Protein chains: 2
Amino acid sequence: MHEFCGDVRVSGRKYEGVILDIDGVLKRGSKPILGAPETVNKLRELGLKVIFLSNLSTKSREEYVQTLRSIGINVWPEDLVLATSATADYVARHSKTRKVYVVGHEGLMKELRRAGLILVNDPEEAEFVVAGSPFDEKGFVTEENRWKFTGAIRAIMLANAKFVAVNPDKLFPGSDGKPIPGTGTFLGAIEAATGVKPLIIGKPSRLIYKVALDRLGTPPEKTIMVGDQIYTDILPAKELGLTTVLVLTGITRRDDLEKMDDVTKSKIDYVFNSVRALVKLVGGEKQC
Amino acid sequence: MHEFCGDVRVSGRKYEGVILDIDGVLKRGSKPILGAPETVNKLRELGLKVIFLSNLSTKSREEYVQTLRSIGINVWPEDLVLATSATADYVARHSKTRKVYVVGHEGLMKELRRAGLILVNDPEEAEFVVAGSPFDEKGFVTEENRWKFTGAIRAIMLANAKFVAVNPDKLFPGSDGKPIPGTGTFLGAIEAATGVKPLIIGKPSRLIYKVALDRLGTPPEKTIMVGDQIYTDILPAKELGLTTVLVLTGITRRDDLEKMDDVTKSKIDYVFNSVRALVKLVGGEKQC
């Protein structure tokens with residue numbers, strides 16, 4: 001683990017690709033983190049390929065493009081790897097009948113359709129159950145998901161459908177700052193009813209990182225993962241051989257690092273105060 | 001374990017009370033099991049106290065009285081111990097502020113109000129979360145339960161509310177004979193989100209049997225439990241010292257008995273083809 005600002009330690013390694021987590025790295029809520037848009041521009045000027053990664057279960061890439069543009073980062077759908085799109089890619093690759101029973105939001109459904117999958121209403125026709133969150137941003141089960149607990153249970157129990165989940169995230173802060181349930185809470189219900197655990201595609205699963213690496217086309221040893229969480233961002237990226245950068249603009253604070261055990265610490269290659277220091281790591285100007 | 005019809009073995013014991021499970025013992029769906037109403041009448045004529053037990057999470061005793069009367073069994077609310085009413089009794093006895101946050105149906109809410117509890121809308125005011133099923137008989141999350149996943153999570157996490165569940169039943173057959181989720185499926189969601197397991201009041205918890213014994217006022221050794229399920233009816237009743245009778249008109253078949261291990265078998269005092277044989281056990285005429 002290297003501290004980067006202050007002393008300069010340049011790895012000498014030539015990087016080709018960067019995967020950037022979004023929340024806590026590039027933005028907090030709807031606001032950009034200072035210097036994030038400029039850093040993305042600079043990385044691109046330096047010739048690096050950049051992919052943006054989010055575990056969000058509710059939006060399609062088309063929708064999420066707007067989120068990043070609104071904070072001054074210019075992206076196209078193909079620059080994004082979302083849990084929704086990575087799940088659609090995975091299921092499309094593994095499906096025979098292309099018939100899926102979906103729990104979740106319109107953004108997930110869009111990605112599944114885009115991948116050529118057929119969304120069925122009758123759970124007993126399904127080859128896959130794809131689970132996102134049935135809850136909206138206020139914590140209500142959405143109108144169209146009111147029967148989806150039953151549908152998912154029937155697809156799994158009666159049609160032996162394979163069970164795939166967009167992410168395992170149990171709780172989020174709602175618009176009032178208090179917890180609201182996410183996909184992981186729904187998964188708990190289905191596991192209780194059926195005894196079946198899903199295959200998770202989103203972070204901390206390595207599957208979403210493999211999709212991101214595929215999209216970049218860069219070898220792991222020449223690719224950097226930048227995130228604000230140890231468990232979901234750093235550990236799986238390190239397992240795949242990426243260089244890992246933890247930034248302190250999100251959920252992990254300097255205090256947390258001090259309490260961390262040495263094995264976990266050893267998975268973090270660099271700790272930066274913010275994403276801006278990345279430019280220095282890849283060989284550009286000093287930007288602490 | 002004694003087989004009863006054919007050979008006659010009379011225990012010589014003088015029984016004073018009988019707890020009758022309802023589904024699979026007195027009725028199947030909306031139809032009475034042959035001889036059930038007459039058996040109840042005969043038990044009462046012989047001077048036994050009779051309590052009817054159901055794990056149902058959705059109905060109040062007032063509502064459930066109609067169900068039994070419709071199959072020809074004359075009962076009053078005080079003859080019934082339902083998971084809803086037993087839960088209300090338990091919470092009322094243990095509550096300080098009387099404020100409860102309820103997930104479930106109107107029948108449960110009625111029982112809680114009858115027990116003097118105050119149903120709060122703001123989860124952070126709650127001393128108890130009382131969980132029944134948020135699903136209706138078609139498997140939809142009911143309109144009024146759409147926010148209850150969030151509410152239960154907030155009551156537990158933010159107000160440290162105690163978590164009590166009406167029953168742990170995960171699945172039921174829906175009106176189309178296919179599975180629909182029950183309380184236990186909801187509990188799986190809340191446990192996933194909060195890490196907290198509820199105290200279960202309904203079967204197979206012994207708590208509901210204690211409520212039934214209290215209501216009967218008879219000592220366990222002079223009380224019979226009649227049920228159609230080993231795990232929910234026989235085992236907890238035996239633990240409390242009741243005489244246990246398994247009837248073969250419900251979920252357990254003769255085949256299942258043959259596969260059963262000896263320890264489990266030893267918890268069943270009598271196996272009857274139907275509830276009708278009960279009259280012989282308590283000293284009335286032969287009714288195999």
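**Close-up views of a two-chain predicted model**

**View 1. The rotation axis passes by B:A189.** Of the residues of chain B, B:A189 comes closest to the rotation axis, with its C-alpha at 2.1 Å. The model is predicted. Chain B superposes on chain A by a rotation of 180 degrees, with 0.0 Å of shift along the axis. The RMSD of that superposition is 0.1 Å. The two copies are therefore related as by a two-fold rotation axis.

View 2. Contacts link 27 residues of chain B with 27 residues of chain A. On the chain B side, the elements giving two or more residues are α5 (148-158), β12 (179-181) and α6 (183-194). The most comes from α6(B), with nine residues. By class, this side of chain B holds 17 nonpolar, five polar and five charged residues. Of the interface residues of chain B, 100% are interface residues in chain A too, so the copies meet through the same surface.

**View 3. Chain A is divided into two domains.** Domain 1 takes in 2-55 + 209-281. Domain 2 covers 85-200. Their centres, taken over C-alpha atoms, are 29 Å apart. The secondary structure of chain A comes to eleven helices and 16 strands. Its radius of gyration is 19 Å, close to the 19 Å that the globule rule gives for 288 residues, so chain A is as compact as a globular protein of that length. Along the principal axes, the C-alpha atoms of chain A fill a box of roughly 60 × 35 × 35 Å. Buried residues make up 53% of the 288 in chain A. Take the contacts in chain A between residues at least 6 apart in sequence: 70% of them join residues at least 24 apart.

**View 4. Five strands of chain A form an open sheet with parallel pairing.** The strand order is β8-β7-β9-β10-β13. At the edges stand β8 (118-119) and β13 (199-200) of chain A. Each has a single partner strand, so one side of each is left without a neighbour in the sheet. Within the sheet, β7 (residues 99-103) and β9 (residues 128-131) of chain A run parallel, joined by four bridges. One pair to look for is A:Y101 with its bridge partner A:V129 in β9(A).

**View 5. Strand β5(A) is joined by bridges to β2(A) and to β6(A).** Five bridges join β2 (residues 17-21) to β5 (residues 49-54) of chain A, and the two run parallel. Here A:D21 stands opposite A:L53 of β5(A). Three bridges link β5(A) to β6 (residues 80-82) of chain A, again in parallel. In β6(A), A:L82 is the bridge partner of A:S54.

**View 6. Helix α7(A) has seven named buried positions: A:I208, A:Y209, A:V211, A:A212, A:L213, A:R215 and A:L216.** The helix spans residues 206-216 of chain A. An α-helix has 3.6 residues a turn, so residues three or four places apart point the same way. The cover over the buried residues of α7(A) includes strands β2, β5, β6 and β14 (223-227) of chain A. Helices α3 (83-94) and α8 (230-239) of chain A are also part of that cover. Just after α7(A), A:G217 takes a positive phi of about 75 degrees.

Terms used: Residues are numbered from 1 along each chain as its sequence is written. Chains are lettered from A and ligands numbered from 1 in the order in which they are written. This is a predicted model: local features need pLDDT of at least 70, side-chain atom pairs count only at pLDDT 80 or more; totals for chains, interfaces and linings use all residues. Copies are superposed by least squares on the C-alpha atoms of residues with pLDDT of at least 70 in both. Two residues are in contact if their C-beta atoms, placed from the backbone, lie within 7 Å. Ala, Val, Leu, Ile, Met, Phe, Trp, Tyr, Cys and Pro count as nonpolar, Asp, Glu, Lys and Arg as charged, and the others, Gly among them, as polar. The radius of gyration is taken over C-alpha atoms; the globule rule is 2.2 Å times the number of residues to the power 0.38. A residue is buried if 20 or more other C-beta atoms lie within 10 Å of its own, exposed if 12 or fewer, and partly exposed in between; C-beta atoms are placed from the backbone. Domain bounds come from an automatic or database domain assignment. Two strands pair if DSSP finds at least two bridges between them.
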